[in-house]
Every structure is written in structure tokens, then in C-alpha cells.
Amino acid sequence: MNYSGPTNPDTNTASERIAMLRPLLIFLVMTTHIQGNLYRPDLKDLTLNAANFLHAALSGVIAVSALPLLPIISGYLALATLRKYNYRHIVRNKAIRLLLPMLFWNLLLGLYIYHQQASGHPIRPDLQLHPASIDWLLGLLALFKLPMNPPLYFLRELMLCFVLLPLLAAAARRWYTAIPLLMLLAWMAANRVHLYFFLRIDIYGFFLLGLCLALHQQALGPLARWLARPLNQWLCYSGFILCVTLLTLYAFLPSHKHFFLAMKISTLLSPLVFWLLSAHLRGWLKQLLLWLSPASFTLFLAHVPLQTLTYNLWTGLSNHNPLQQGYLYYWLFTLTASCLAAVLLTRTWHRLRKGTPHARH
């Protein structure tokens with residue numbers, strides 16, 4: 001669902017809320033990949049101070065909990081796609097829109113990894129691209145390994161969700177099949193059971209949850225009415241803030257062996273909170289997110305190469321390591337430059353497409 005119409009300053013429609021959430025969620029995903037991030041703060045030896053706490057809360061807790069809403073939205077919208085198009089059309093369309101961009105941006109970063117490995121830099125030791133090996137194929141297709149462009153595993157998993165769409169939709173139609181399957185996928189995600197093939201099994205669970213929400217809107221009416229009350233929304237916000245605070249502090253304790261499980265549990269509340277917040281976005285923030293929304297997919301595809309480029313640019317011009325000096329300025333520069341570059345790439349691509357004979361006809 002792409003939003004391109006005028007906005008109402010008093011109400012946010014469902015299409016506006018989805019359009020605003022896409023760049024916001026992808027921005028949060030970006031913070032987990034920027035150099036010097038505190039993703040998985042439990043695996044780092046950190047000193048508890050205000051700066052580390054805020055950084056860990058953003059990139060190690062809040063940003064991690066942003067990803068689930070993307071497959072939920074995809075699953076919710078997939079039901080209308082399934083009703084409108086036949087299965088063959090859906091799979092072909094998703095292959096063009098998901099797999100081809102994934103292959104291009106994987107190849108682009110793969111060439112960079114190859115050059116770095118050939119130059120003696122120990123980058124991506126899990127992929128042997130120099131000398132050439134089967135890892136070229138595995139890294140391109142994200143088979144049994146993280147892809148050359150690591151975040152793009154999401155596209156591979158989302159593509160498989162659409163391949164399995166008829167089966168997932170059939171399971172979602174009945175609560176007695178949907179709930180056990182959701183519980184099984186949740187257990188597998190918490191225990192890191194991926195069957196040697198799926199890179200993130202929880203994505204399938206969130207996609208299934210989106211299908212359930214689309215299929216059972218009437219049954220969920222009482223819950224929707226409860227959530228429509230401002231007091232209950234504030235209870236959700238407060239609970240989310242409390243969870244983020246406690247989970248972040250937990251990562252700074254000497255022993256935090258259950259952090260991963262607690263992080264997974266926290267992702268059950270975050271999609272609801274982000275969705276509730278999207279109803280209240282107004283003014284310049286709303287306009288900014290709607291302006292960025294068309295470039296969201298490009299930003300997701302390109303943010304790792306762009307972050308790598310800005311890191312090299314920053315270190316080359318400043319002659320110092322931004323992870324040791326001026327990190328906040330580097331962090332803001334990288335995220336801003338990546339967003340602007342994604343907007344420019346998107347607009348350039350659309351203009352080129354409009355100029356082709358196929359696009360004109």
C-alpha cells in the first residue's frame with residue numbers, strides 16, 4: 001500500500017499510518033547496522049552511563065523491536081493481494097520486486113567484500129569471496145548464510161512468506177490452526193531453531209500474525225475498542241517504556257544470560273505500540289515521514305553500502321576514527337546522508353523508468 005494523496009492534519013488514515021511507519025521502522029533498523037552500534041549490548045563490555053544507556057536503548061532494544069511490524073504489515077496487506085491475484089502472479093511479482101533488488105545490492109556489496117579480502121582485510125570471515133568459492137552463490141541468495149548485504153536476509157524470508165502464502169492463509173483462517181502454529185514459531189524463534197534453512201523464523205510468525213489480523217477483524221473488535229481509549233493507550237506506552245528501560249539496564253548487569261529471550265518477548269508489545277503512535281503523528285514530522293516514505297525500500301536496500309561509504313568519507317576527511325572521537329556527529333551525519341541519498345536514488349530511478357519506452361506505453 002503506497003500513499004501519495006493529500007493528508008488530513010486532524011486524522012491519520014490506515015494508508016498514511018503505514019506510509020509513515022515504513023521510513024520510521026527502517027530508520028530504526030539502520031541504527032543496528034551503523035558502525036559503533038550497540039546492537040546486542042549484552043555481548044559487549046559496557047560501562048553504565050547516560051550516553052551508553054541511551055545508545056543501547058535505541059539500537060539494542062527499541063530498534064530491534066521495530067523489525068516485527070514490517071512483516072506484520074506485509075502479512076496484513078497480503079490477504080488483499082491473495083484475493084485479487086492468482087498464486088503464480090503473486091510469486092512472479094514478488095520475485096521481481098524482492099529477489100532482483102536483493103541480488104543487485106548483494107552483488108554490489110559482494111564486489112566490495114571481494115576487494116577488501118583481496119587486499120588482506122579480514123572482512124566478513126563467514127563468506128569466502130576471495131579466492132572465489134561457493135560462498136558467492138550462497139551469499140547472493142542468502143542460502144544457509146547471511147547475504148553479502150546482511151540486512152537483505154529479510155527480503156529472502158519475505159519472499160518465502162509469499163511462496164508459502166496459500167498455506168499460511170489457510171492456517172490463519174481458523175484459530176485452532178493459527179494459534180498452535182504461532183506458538184510453535186514463537187518457541188522456535190526464542191530457542192533459535194531455524195531448521196538449517198530459515199535465517200529468521202520469527203518473520204514467518206509475524207507475517208502469519210498479520211494474516212490473522214486481516215482475517216479476524218470482526219472478532220478483534222472488542223480489543224480494538226479497548227485500545228481506542230486514551231487511558232489504555234497510555235498504559236501500553238508506559239508498559240513499553242518500562243520494558244525498554246528494564247531490558248536496557250539488564251544488559252549492563254554482570255550476568256544477563258537471558259537477555260536474548262527477554263528481547264524476543266519484548267517484540268510482542270512493540271508492534272502494537274508503534275501502530276498506536278502512528279495515529280498521533282502530526283505536523284512537520286508527519287510530512288517528513290510521508291516525504292521519505294517512497295524512498296523507504298531504497299533506503300533499506302542501500303543503507304549498509306551508504307553507511308560504509310560515509311564511514312570511509314568521514315575518516316578520510318577528518319583523519320580520525322569517528323568511533324573514538326565525535327561519534328554523535330558522525331552518527332547524525334551518516335543517518336542523514338543515507339536518507340538523502342536514498343531519496344535521490346529513488347527519484348532518479350523513477351525518472352529513468354518514466355523515460356523508457358516500456359514505461360511510456
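How many aromatic pairs does the count come to?

## Aromatic pairs

This is a predicted model, and the count comes to 15 aromatic pairs. Take Phe104 and Trp105: their rings sit 5.4 Å apart, centre to centre, with 90 degrees between the planes, so by the over-60 cut-off they form an edge-to-face pair. Trp105 has a relative accessible area of 15%, so it goes down as buried.

Trp234 and Tyr237 are another edge-to-face case, because their ring centres are 5.5 Å apart and their planes meet at 90 degrees. Both belong to helix 11, which covers residues 230-251, and they're three residues apart, about one turn of the helix. Are the two partners buried or exposed? Trp234 is exposed, at 58% relative accessible area, whereas Tyr237 is buried at 10%.

There's also a cluster to look at: ring pairs tie together Tyr311, Trp314, Tyr327, Tyr330 and Phe333.

## Charges over rings

Which residue lies over the face of Phe162? That's Lys94, at 4.6 Å from the ring centre.

Now for the surface. Trp284, Leu285, Leu288, Trp291 and Leu340 make up a nonpolar patch of about 540 Å². Helix 14, residues 283-292, supplies the largest share of this patch, with four residues.

Leu288 is one of the patch residues, and it lies in helix 14. Its relative accessibility is 35%, so Leu288 counts as partly exposed.

Conventions:
Residues numbered from 1 in each chain as written. Predicted model: local features only at pLDDT ≥ 70, side-chain atom pairs only at ≥ 80, totals over all residues. Heavy atoms only, no water. Patch = residues over 30% accessible without salt bridge, like charges linked within 9 Å, V, L, I, M, F, W, Y side chains within 5 Å. Areas by Shrake-Rupley, 256 points an atom, 1.4 Å probe, with all protein chains shown as cover. Salt bridge = Lys/Arg side-chain N within 4 Å of Asp/Glu carboxyl O. Helix = DSSP H or I, 4+ residues; strand = E, 2+ residues; numbered from the N terminus. Buried < 20%, exposed > 50% of the residue type's maximum accessible area, 1.4 Å probe, protein only. Phe/Tyr/Trp six-rings, centres within 6.5 Å; stacked < 30°, edge-to-face > 60°. Lys NZ or Arg CZ within 6 Å of the ring centre and 35° of its normal.
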